[in-house]
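Please look over the following model together with its sequence.

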Amino acid sequence: MSYHSFLLEPISCHAWNKDRTQIAMCPNNHEVHIYKKEGSNWNKIHVLKEHNGQVTGIDWAPESNRIVTCGTDRNAYVWTLKGDAWKPTLVILRINRAARCVKWSPKENKFAVGSGSRLISVCYFEQDNDWWVCKHIKKPIRSTILCLDWHPNNVLLAAGSCDFKCRIFSAYIKEVEEKPAPTAWGSKMPFGEVMFESTGTAGWVHGVCFSDSGNRVAWASHDILPFKSDPAQTFLTSETLPLLCVTFITENSLVAAGHDCYPVLFVYDSNKAALSFGGKLDVPKQSAQKGMTARERFQNLDKKATTDSKEAVLESLHKNSISQISILNGGKARCAKFCTTGMDGGMAIWDVKTLESAMKDLKIV
Amino acid sequence: MSKNTVSDRFRKVDVDEYDENKFVDEEDGGENQLGPDEAEVDSLIRSYPFRNLMGALQAVLKNPPINAKNQNVKDRAEGLVLKVLSSFKASDIEKAVQSLDKTGVDLLMKYIYKGFEKPSDNSSAILLQWHEKALSAGGVGSIVRVLTARKTV
């Protein structure tokens with residue numbers, strides 16, 4: 001487990017490059033900073049300044065080495081590395097509200113942007129005119145799209161929105177790909193078709209994630225954590241503060257994190273078709289319990305009206321809500337390391353093996 | 001000055017009603033939900049004052065008028081729940097909360113917060129005791145679910 005505090009401002013969003021030596025992130029302003037790991041230090045090597053509003057989403061395509069960023073200025077830029085500098089290309093999204101999240105598709109020939117104008121822009125590169133063109137998915141979205149995730153077949157897109165629903169859309173663009181094979185979610189997939197729409201949640205959907213095979217999807221809603229594995233749908237009511245981001249680390253296990261400042265493991269049992277709480281993943285505090293003198297007890301009672309010796313300091317690694325989780329090694333099938341960034345400006349890298357050995361009854365199926 | 005500044009009726013127009021992008025909740029049928037059965041709950045409270053208070057709690061949490069359009073149904077249900085909650089002894093509250101399942105605890109939390117909205121006499125103190133026990137059973141998550149629920153009890 002390593003924790004690096006980048007700055008005092010929250011990290012709005014982050015993305016890693018292919019070999020995980022560089023991280024691009026937005027320090028809650030209009031810029032994107034790229035840091036490179038040299039030894040044990042993180043050095044800022046590039047600053048990408050083009051947006052006029054806060055950058056809300058960054059995604060780094062591992063194979064083609066392009067970065068796409070989107071911001072509250074209603075624009076998205078695709079950055080390519082030319083020599084030693086990143087050059088931006090504007091993408092016209094045709095939205096009239098802020099863009100909220102962006103994701104490259106698995107084959108990196110298109111990307112999707114979720115926005116506050118109640119639509120998803122799916123953009124692809126048109127060779128003839130040498131620019132990025134976008135198509136809109138509008139129906140039946142009724143509020144801001146907060147999060148997106150692509151299915152491994154490069155066509156299906158899961159979107160979580162503020163109208164309390166998580167939907168799976170088809171983002172099939174006939175100009176750049178052939179017809180997809182039938183999947184667990186359906187076989188006819190024209191552009192914009194809703195393959196699945198969730199029911200039963202009453203809160204905003206903050207995070208959504210497909211499993212590695214694409215047959216399962218989990219989303220973190222403000223009130224519960226639902227999970228759908230065709231054909232069963234199950235959910236887990238959380239006893240903690242709402243979760244903001246969720247990701248699969250194996251086909252049956254999820255890690256989610258949110259306002260409680262520590263990541264949590266959930267395990268899905270396919271025999272019982274039930275999701276269960278696996279354990280709290282955090283550094284166990286090694287602090288010694290020192291005895292309280294009578295004077296300290298009285299002081300506590302006087303100042304804080306409490307007899308506890310617990311300090312009002314969070315014991316978790318992150319000191320503020322965790323807003324994004326990303327997988328570093330192993331993919332979504334056998335994740336070995338994942339990274340979390342949060343509103344405390346820090347980034348923590350978690351190693352699954354050490355977590356498994358540290359917490360004794362933790363089982364990652 | 002000029003004549004057309006006399007009328008101010010335009011100030012009373014609710015602009016949001018005419019917004020074509022206005023979010024309208026889906027309407028689920030609420031006609032069948034009449035709220036807990038008053039006679040059943042009363043009899044359970046009165047007959048065996050100690051043993052069947054648990055039964056009274058289960059009965060009063062049945063049939064919550066979540067979608068009912070009629071405000072009276074909701075008020076009556078709230079009053080009934082408050083009656084049952086106040087007839088418990090302080091030491092029995094914890095056992096009663098343990099006997100509820102997860103949805104029951106969530107529903108109890110909803111009624112508790114509804115009760116906070118209209119305090120009367122001693123109701124807040126009793127509700128706070130119930131709140132403490134329900135919180136230890138349901139966790140902070142149950143409060144989040146009360147706050148995010150669009151269909152209130």
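## The contact between the chains

How many residues does the contact take from chain B and from chain A? In this predicted model, with contact meaning heavy atoms within 4.5 Å, 17 residues come from chain B and 15 residues from chain A. Between them the two chains bury about 1,300 Å², of which 52% lies on carbon and sulfur atoms, buried area being the accessible area (1.4 Å probe) that two parts lose on being put together, summed over both. Of the area that chain B buries against chain A, 37% is supplied by B:Phe23, B:Arg145 and B:Thr148, more than by any other three residues.

A salt bridge joins the side chains of B:Lys102 and A:Glu239, at 3.4 Å from N to O. On the side of chain B that touches chain A, helix 6 (residues 123–148) of chain B contributes the largest share, 9 residues, where helices are DSSP runs of H or I with at least four residues and strands are E runs of at least two, numbered from the N terminus.

## An annotated span in chain A

## Conventions

Residues are numbered from 1 along each chain as its sequence is written, and chains are lettered from A in the order in which they are written. Local features need pLDDT of at least 70 and side-chain atom pairs count only at pLDDT 80 or more, whereas totals for chains, interfaces and linings use all residues, and side-chain values use heavy atoms, with hydrogens and water left out.

Notes
A salt bridge is a side-chain nitrogen of Lys or Arg within 4 Å of a carboxyl oxygen of Asp or Glu.
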